Amino acid sequence: LPADTKYYISGKITRHPDFDLLFLYAEKNTPDSAKNFDLVLLTTKKDGTQISMVSAASDNYYLRNNKMQFRKTRSYLYNGFRIKQENEIPAMNKKYEAEYRINDYGMIVFYPGS
């Protein structure tokens, strides 16, 4: 793992009999002194082996044309292992949503146009 990033396990959901949901928090200090974080949702087998992952939340700052810019991601987990994700990129004046679902095997699957 990159040395400039700190990782923390911030939560675990064990509701499904075949896999677990693990929340991994990653915090990175960049050279321009901005602090970025990512919260990643991992699905793992009961023995801890990773199945798949998706960004659950992020707050990333970066320099573009000598101006500080940012990109944000927010996700919501619903019953039935459905994930709604909102993404915002103000520098490009873009906002978009995505939907993912976790199947019976613990794989996170993208559902376009849901």
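This is a predicted model: local features need pLDDT of at least 70, side-chain atom pairs count only at pLDDT 80 or more; totals for chains, interfaces and linings use all residues.
D20 forms a salt bridge with K46, and their closest N and O atoms are 2.6 Å apart. The two residues belong to distant parts of the chain: D20 is in strand β2, whereas K46 is in the loop between β3 (35-45) and β4, 26 residues apart. K46 counts as partly exposed, at 43% relative accessibility.

## Salt bridges between strands

The count of salt bridges comes to eight. One of them joins the side chains of E88 and R74, at 3.5 Å from N to O. E88 lies in strand β6 (residues 82-89) and R74 in strand β5 (residues 67-78), 14 residues apart. E88 is buried, with a relative accessible area of 16%, while R74 is partly exposed, at 31%.

R82 forms a salt bridge with E99, with 3.8 Å between the closest N and O atoms. R82 lies in strand β6 and E99 in strand β7, so this pair ties together parts that are 17 residues apart in sequence. R82 is partly exposed, at 30% relative accessible area, and E99 is buried, at 4%. Both residues belong to a network of salt bridges that also includes K84 and R101.

## The nonpolar core

The largest nonpolar core has 12 residues in all, among them F19, L21, F81, Y100 and I102. Strands β2 (19-29), β4 (50-64) and β7 (94-102) each give two or more residues to this core.

Leaving aside residues up to four places away in sequence, F81 touches R15, H16, F19, L21, Y100, R101 and I102.

Conventions:
Residues are numbered from 1 along each chain as its sequence is written. Side-chain values use heavy atoms; hydrogens and water are left out. A nonpolar core is a set of buried Ala, Val, Leu, Ile, Met, Phe, Trp, Tyr and Cys residues joined through side-chain atoms within 4.5 Å. Buried means under 20% relative accessible area, exposed over 50%, partly exposed in between (1.4 Å probe, protein chains only). Helices (H or I, at least four residues) and strands (E, at least two) are DSSP runs, numbered from the N terminus. Contact means heavy atoms within 4.5 Å. A salt bridge is a side-chain nitrogen of Lys or Arg within 4 Å of a carboxyl oxygen of Asp or Glu.
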